[in-house]
Amino acid sequence: MANVVSIAAAAAASLPWDVEAVRADFPALAQLVNGHPLVYLDNAATAQKPAVLAALENYYQRDCGNIHRSVHQLGERATEAYERARRTAQAFLGAAEPREIVFTRGTTEAINLVAATYGAANLRAGDEILLTGMEHHSNIVPWQLLAERTGARLQVAQVNDRGEVEMEEFERQLSPRTKIAAFGHVSNALGTVNPVAEWTERAHAAGAVVLVDGAQSAPHLPIQVGALGCDFFAFSGHKVFGPTGIGVLWGRAELLEAMPPFQGGGDMIASVSFERTTYNRIPYKFEAGTPHIAGAIGLGAALEYLQTLGMTRAAAYEQELARYGAERLAPLPGVRWIGQARERTAVFSLVIEGVHPHDVATVLDTEGIAVRAGHHCAQPIMDRFGVPATTRASLAFYNTRGEVDRLAEGLEKVRRIFQG
Ligand code: C6P
């Protein structure tokens with residue numbers, strides 16, 4: 001796994017990060033909100049977009065045809081652009097072949113796909129599915145549904161006070177009954193970067209198949225699925241600076257080939273009769289119906305943009321910002337944040353004594369600062385830390401130290417308003 005320390009070291013030797021030039025690629029950042037320059041710190045929920053709009057427009061205004069079925073020029077161009085996006089996603093993940101890339105609606109659908117196909121075909125009563133205590137609901141509920149259908153059980157590796165799952169705990173929850181281990185690479189609620197390559201090795205040794213929820217790592221860390229060693233990796237387009245409604249499931253070809261289809265419909269078949277249907281080859285077997293063609297093309301444009309920027313340099317810059325944020329927020333009286341993992345991304349899940357997280361977010365919004373308040377679709381980890389909700393600031397490579405200062409000033413204002 002690309003760990004944060006090695007990323008920082010690699011970046012020390014590379015070009016400086018010109019954050020103002022990067023910001024110029026994101027038109028939404030240059031607006032006033034409530035009379036203040038926008039400070040967008042809700043990147044874990046969804047990220048702002050660079051050049052993808054041009055790719056969407058080009059598809060809708062020039063190349064608009066359906067894919068894989070029309071021999072006319074527009075259909076051919078659309079198919080080429082869609083399949084090029086698949087190759088870009090393959091390169092972005094370091095996957096072996098384009099056919100290992102399945103376009104989905106996002107991380108949520110990707111995990112549901114694996115649970116409903118691989119899971120339903122391979123799990124039996126008494127089998128176990130290993131999760132961790134910091135999973136997003138999208139990486140809990142599909143497995144609960146599977147458990148209900150099959151009689152399998154969920155096992156949960158618990159989180160320590162720093163917001164980490166210790167290796168001993170992870171291993172304690174593994175057993176020969178573990179058939180699937182599914183865990184987040186980066187926690188959306190805490191920012192913890194999990195040692196997923198090491199966990200994968202242990203899970204494989206126990207005989208389990210491994211799914212990594214990459215929704216919060218793909219936007220912030222260079223990903224090489226080969227180095228992670230996992231069997232499935234899922235991420236969402238809108239969090240990697242691309243469109244909503246599109247995402248990727250990467251899976252090992254031999255697993256995808258053996259899995260039954262997810263949904264039935266056009267394009268996922270080789271032949272259909274009322275007696276018998278045979279299925280298309282992968283990845284088309286899992287892409288029933290007309291897909292989100294424009295979304296895939298837009299996602300491809302976003303991933304090409306990230307490749308040009310360089311994920312290693314972006315991650316190193318974000319690590320610098322995370323350090324600065326910790327320095328700036330730690331001394332604020334009455335403000336604490338949950339999750340103090342040794343390996344973290346630039347996420348601050350804040351709790352201000354005596355102030356409801358939604359009130360914090362509302363006051364910050366009057367200052368033009370966008371954060372998220374709530375349980376972040378990760379209620380079990382909120383319960384673990386004994387809070388119903390937090391105010392979460394989640395940073396990206398286009399945020400600046402000046403914006404972190406604005407956040408700190410905004411939090412001071414919250415305290416003045418509510419605590420006098
Ligand atoms: N987390 C957040 O504000 P979708 O909705 O399918 O694009 O992604 C789901 C998902 C899965 N796993 C993790 C770790 C996630 O963080 C998310 C989405 C957003 O934290 C919206 S709830």
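User: Leaving aside neighbours within four places in sequence, what is Asp63 in contact with?
Analyst: Asn58, Leu74, Arg77 and Ala78 are in contact with Asp63 once those neighbours are set aside. Contact here means heavy atoms within 4.5 Å. This is a predicted model, where local features need pLDDT of at least 70 and side-chain atom pairs count only at pLDDT 80 or more, while totals for chains, interfaces and linings use all residues. Residues are numbered from 1 along each chain as its sequence is written, and side-chain values use heavy atoms, with hydrogens and water left out.

User: Where is Asp63 found?
Analyst: Asp63 belongs to the loop between α3 and α4. Helices (H or I, at least four residues) and strands (E, at least two) are DSSP runs numbered from the N terminus. Asp63 and Leu74 are eleven residues apart in sequence, with 4.9 Å between their C-alpha atoms. The side chains of Asp63 and Arg62 are joined by a polar contact of 3.2 Å. That term covers a pair of N or O atoms within 3.5 Å; within protein, one must be able to donate a hydrogen and the other to accept it, and residues adjacent in sequence count only if both atoms are side-chain atoms.

User: Why does Asp63 count as buried?
Analyst: Because its relative accessibility is 7%. Buried means under 20% relative accessible area, exposed over 50%, and partly exposed in between (1.4 Å probe, protein chains only).

User: Switching to the ligand. How many residues surround it?
Analyst: 16 residues do, and the closest are Thr108, Asp213, Gln216, Ser236 and Arg372. The cut-off is a heavy atom within 4 Å.

User: Which ligand atom does a polar side-chain atom of Asp213 lie 2.6 Å from?
Analyst: A nitrogen atom. For His136, a polar side-chain atom is 3.3 Å from a nitrogen atom of the ligand. Taken alone, the ligand exposes 510 Å², of which the protein buries 87%. Those areas come from the Shrake-Rupley method with a 1.4 Å probe.

User: And where does the ligand sit?
Analyst: In the largest pocket. A pocket is an open set of points on a 1 Å grid over the protein atoms alone, where a 1.4 Å probe fits, with protein on both sides within 12 Å along at least five of seven lines. Sitting in it requires more than half of the molecule's atoms within 2 Å of the grid points.

User: Back to Asp213. Which strand is it in?
Analyst: Asp213 is in β8, residues 209–213. Asp213 is buried, because its relative accessible area is 6%. Residues touching Asp213, beyond four places in sequence, include Thr107, His136, Asn139 and Phe183. Asn139 is 74 residues from Asp213 in sequence, and their C-alpha atoms are 7.2 Å apart.

User: Is Glu128 buried or exposed?
Analyst: Buried, because its relative accessibility is 3%. Glu128 is part of strand β5, residues 128–132. Its side chain makes a polar contact of 3.4 Å with the side chain of Ser175. Beyond four places in sequence, Glu128 also touches residues including Arg153, Gln155 and Ile180.

User: Backbone next. What joins Ile282 and Pro283?
Analyst: A cis peptide bond, with omega about 5 degrees. Pro283 is in the loop between β12 (277–279) and α11 (293–309). Most peptide bonds are trans, and most residues other than glycine have a negative phi.

User: What is phi for His68?
Analyst: Near 65 degrees, a positive value in a residue other than glycine. His68 is in the loop between α3 (52–61) and α4 (73–93), and is partly exposed because its relative accessible area is 27%. Asp267 has a positive phi too, near 75 degrees. Asp267 lies in the loop between α10 (253–258) and β11 (269–272), and counts as buried because its relative accessible area is 15%.

User: Last one: which residues does Arg162 touch, not counting those up to four places away?
Analyst: Gly339, Gln340, Ala341 and Arg342. Arg162 is in the loop between β6 (153–157) and α7 (167–173). Arg162 counts as partly exposed because its relative accessibility is 32%.

How values were computed. 1 Å grid on protein atoms, 1.4 Å probe; cavity = no way out; pocket = protein on both sides within 12 Å on 5 of 7 lines; lining within 4 Å.
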